[in-house]
Amino acid sequence: MKGKGSLTRARITYFFRETFRAHSKDEYREFLARGLGENKLGLTGTYAWLYVRAFYVLFILFTVNTLILRLTGNILYVPSVILLGGITFTIPFMIFLYELYPKRDLSIIKLFGVLAVGGTVAGALTQLGYLMINADNAWYSAFVSGLVEEVSKALVAVAAIMVMKNKNSYACFLIAAAVGAGFSVIEDIGYIFYYSNNEVAQYGDIRDTVYLFLDRGFSTFCTHVLWTGIVGWAYGFGKGKYKPMFLLFLFGSALVHSCWNLPSEGWLRAVTVALCTIVTVTSNIVAVRKSLFTTITNEADIERINAGIICKAKEMGERMRFTNAANLTFSLMCTFLSIIVISLCCLPIGMDKMLVTYSDKQQFIAAVQKNYNLKTDWGRAYDPNQPNVEERFIDDGDGLRLSYAVQKVKYDGYDGTYFYGYYVDGNGNAVGFSDTISLELDEESSRIYCVEYTFGDETVWVYEVTDKFEKYTFNADGTVSVVLDANEFEGYDILIALVASAVGISGACCVVLVAFSIKLRRVREDG
């Protein structure tokens, strides 16, 4: 047990050493050339390190572009936010999975080719499946989507594995995972595009965009990539006497996918997602570890490799440890600052306008009418026995004649005093029913008119008690998105707190980095 614990500690130490140390151009070149030409033999002998750099580059680029969009409202930055939001988590995750593969017979360039082409083809097959299967019920639709998407991705993954002719089970896992990653990127970009429309850019409310970026990004580690990857692994592993394993894992992935899509809410939704995550991650870890162990033991002496890792970990001197600690500190500083910037973009600080979404049209109407109990009676007829509070006359050649009249009504149980306008003919009779309806409220300074609002195929007449709503959109899911006058959302106290946090974090990290620099100089002089 002591030896096993020493090996575990050595692996962790070696992992951080490889992740945060400086890497040469030759190492970047070797990574890109791996699996091409003559660079196909033997094991890599390195730990994963490039994925961290890929993630930081994409994450910071997303942060910068989001900040520019937030500050300027320039819709030209929407495409870059959408693209970066869709790939920031998925692409580094695929690089990480590829870096775990110990052999040199698979190219990252070819793998990303599978990601682009395979993801697109899988998406096309999925849409064809949806055209053939009509699922109106939400619960039935969850199972249909899980089955259609997983079968479509599995078909493409198997075709890609056959084309690339790689028999290693982990290589099959990577090829299938690339198909799932491509499918996931297309979906993520689509979702972010739907919420990152011109209204979001114009009115500066990009909370939905950032929320989807984080939600879809973190789900990358337990959804499409792994659902399809485990099916590819089963195909590669079960080519011999375990042929039914492929169908078993395909059915399992479809079932987990369907459970993930179930239209449940609250604690039931949380429990379902948690169980799906545990099943997906656990099964993939077991499959990957089994494949890695088998691959390494078939290619090299595992005891010699472990001994080498322990030796390298012990040889890592004080200088290397301080260098890695400094690089880690700098990475954490960039992470915290990026989080603060994204928080700044999401919060309503100094906004003139913002986008608000109401759960249904009734909630939206109540907000427009400030929750007053108001009456709309377009069928009220003109009452010639009731005095008019307003009258308009025209000269038709025979003298002045009443042409338009307004009558005042107050209803029991309803707020406000109502004014109905009518056109009047030459005989003093109203033509039709009320032409306009307005009302006066004691709390409001001006008269309020009843105007027409459209929600899909339904028309509703609403009193615009508040003038803060400038534009509304009735969404397909029944929600209503509204451009809101947000002058009350100044939030400068939040801005001060965020800036102070950023300055404090930057200052503390700079102090630590300077201390590391001084310590490194002393170590170098002592050496």
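Student: Over how many bridges do β4 and strand β5 pair?

Tutor: This is a predicted model, in which local features need pLDDT of at least 70, side-chain atom pairs count only at pLDDT 80 or more, and totals for chains, interfaces and linings use all residues. Residues are numbered from 1 along each chain as its sequence is written, and side-chain values use heavy atoms, with hydrogens and water left out. Strands are DSSP runs of E, at least two residues, numbered from the N terminus, and two strands pair if DSSP finds at least two bridges between them. Strand β5 covers residues 436-440, and its antiparallel pairing with β4 has five bridges.

Student: Which residue in β5 stands opposite Tyr418?

Tutor: β4 spans residues 417-423. Opposite Tyr418, β5 places Leu439.

Student: How many of the seven residues of strand β4 are buried?

Tutor: Buried means under 20% relative accessible area, with a 1.4 Å probe and protein chains only. Strand β4 is mostly covered, and its buried residues number six.

Student: Which residue in β4 does Ala405 stand opposite?

Tutor: Strand β3, residues 400-409, joins β4 in the antiparallel sense over six bridges. The residue facing Ala405 from β4 is Tyr422.

Student: In what order do the six strands form the open sheet?

Tutor: The pairing is antiparallel. The edge strands, each pairing on one side only, are β2 (390-395) and β7 (458-463). The order is β2-β3-β4-β5-β6-β7.

Student: What is the bridge partner of Glu452 in β7?

Tutor: Strand β6, residues 448-455, runs antiparallel to β7, and six bridges join them. The partner of Glu452 in β7 is Trp461.

Methods:
Helices (H or I, at least four residues) and strands (E, at least two) are DSSP runs, numbered from the N terminus. Buried means under 20% relative accessible area, exposed over 50%, partly exposed in between (1.4 Å probe, protein chains only).
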